[in-house]
Amino acid sequence: MLGKLARQHDPNVLVGFDHADDAGVYRIGPGTALVQTVDFFTPMVDDPYTFGQIAATNALSDVYAMGGQPRTSLALVCFPERADLAILERILAGGLSKMIEAGCSVIGGHSIRDEEMKFGYSVTGLIDPDRVLTNGGAKAGDRLVFTKALGTGVISTAIKKKAALQPWIDAAVASMTTLNKKAAEVVSGRAGPAEQSSAAGGHFNVHAMTDVTGFGLIGHAREIALASRVSLRLVVKSIPLLEGALECVRGGHIPGGLKANREFAERVVGYENGISDEVKTILFDPQTAGGLLISVAAEDATELLRALNAAGIPAVEIGEVVPATKPLIAVVP
């Protein structure tokens, strides 16, 4: 809808909504720019404290996906008039715990009465204008690295239907409450000029990055491909899945967002033989606080993976960037 409105022309807007990037970036001075994002949603777990943690982790993720450092946040609250305020207190406390972990100060917020509970944050971070990582820089030959497993959408749907097993819930909650902070620090803290490599000083030639959230892996991969004018090749056997994710698909616990994602984006996907429909389905699963999808130069991929794994991040290589062709995204066994 924003694309239908009159365009504003401000040279300090370094990243707007033109390519569906994760956050906006606005230059405020030499060497300094703001990264700004906002996200809020309805509960996907029963525990208020955990819901607050997930909401904060999810809102912070877009700043990390740009290579930024979160600094301040504002809470966004929709809460039923007759609901127990102790629940809201626990939600806020959970969110604050993750903001403290991120080093991001909660400086206020806004609340309204709403029969459907919703919670989240607007987050502002800082970034060097010359070190912004957008979804539009991927180059043919790059390797695609992913830092989390898929499946939070279908498992959350199963939770709502009281059909999720406890190990599935535990795995999904652990994923949704893990900040992308360490991963972003590995990527951005060591990324250097194109002529430097991991073998020469610990720098990684990362060309593009995004976080996989509401549009699913295929939806966000599509954004990278279109913004970068390339095509992608995804290897399904390398894509990590949360425990219980495929069982949830087989059980019919399909969120509405997954169906919408598939209807919108599957037209740009080509599948090789031998890929089950459950696996195809999970590629469109809308993620909450999902992992970072990183396009890194082939010569740096191994060292980047080693550094991420050493930092405790279960990152894996899931594909590669190829010259623009059809299909836009090829999915192979």
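Please keep in mind that the model is predicted. On the helix side, α3 packs with α4, while α1 packs with α2.

**The largest pocket**

- At least two lining residues come from each of β3 (32-41), α1 (48-65), α3 (152-160) and α6 (216-228).
- Among these elements, β3 gives the most, with six residues.
- Sorted by class, the lining has 14 polar, nine nonpolar and seven charged residues.

**The second largest pocket**

- Strands β1 (13-15) and β2 (24-29) each contribute at least two residues to the lining, and β2 has the largest share with three.
- By class, 10 residues of this lining are nonpolar, four are polar and four are charged.

**Helices α3 and α4**

- The axes of α3 and α4 (residues 166-176) lie 10 Å apart, at an angle of about 130 degrees.
- The two helices, α3 and α4, are therefore oblique to each other, and their crossing is left-handed.
- From α3, the contact uses T152, I155, S156 and I159; from α4, it uses W168, I169, A172, S175 and M176.
- The contact of α3 with α4 has six nonpolar and three polar residues, with no charged ones.

**Helices α1 and α2**

- Helix α1 packs with α2 (residues 85-102) at an angle of about 40 degrees, and their axes are 7 Å apart.
- That angle makes α1 oblique to α2, and the crossing of this pair is right-handed.
- On the α1 side, the contact is made by P48, Y49, F51, G52, Q53, A56, T57, L60 and Y64.
- On the α2 side, the partners are I87, R90, I91, A93, G94, G95, S97, K98, M99 and A102.
- By class, the contact of α1 with α2 comprises 11 nonpolar, six polar and two charged residues.

**Where the topics meet**

- Helices α1 and α3, one from each helix pair, also supply residues to the lining of the largest pocket.

Methods. Residues are numbered from 1 along each chain as its sequence is written. This is a predicted model: local features need pLDDT of at least 70, side-chain atom pairs count only at pLDDT 80 or more; totals for chains, interfaces and linings use all residues. Side-chain values use heavy atoms; hydrogens and water are left out. Helices (H or I, at least four residues) and strands (E, at least two) are DSSP runs, numbered from the N terminus. Ala, Val, Leu, Ile, Met, Phe, Trp, Tyr, Cys and Pro count as nonpolar, Asp, Glu, Lys and Arg as charged, and the others, Gly among them, as polar. Axes are lines fitted to C-alpha atoms, for helices over the stretch in contact, and angles run from 0 to 180 degrees between N-to-C directions. Angles under 35 degrees count as roughly parallel, over 145 as roughly antiparallel, 65 to 115 as roughly perpendicular and the rest as oblique. A crossing is left-handed if the near helix is turned anticlockwise from the far one by less than a right angle, and right-handed if clockwise. Contact means heavy atoms within 4.5 Å.
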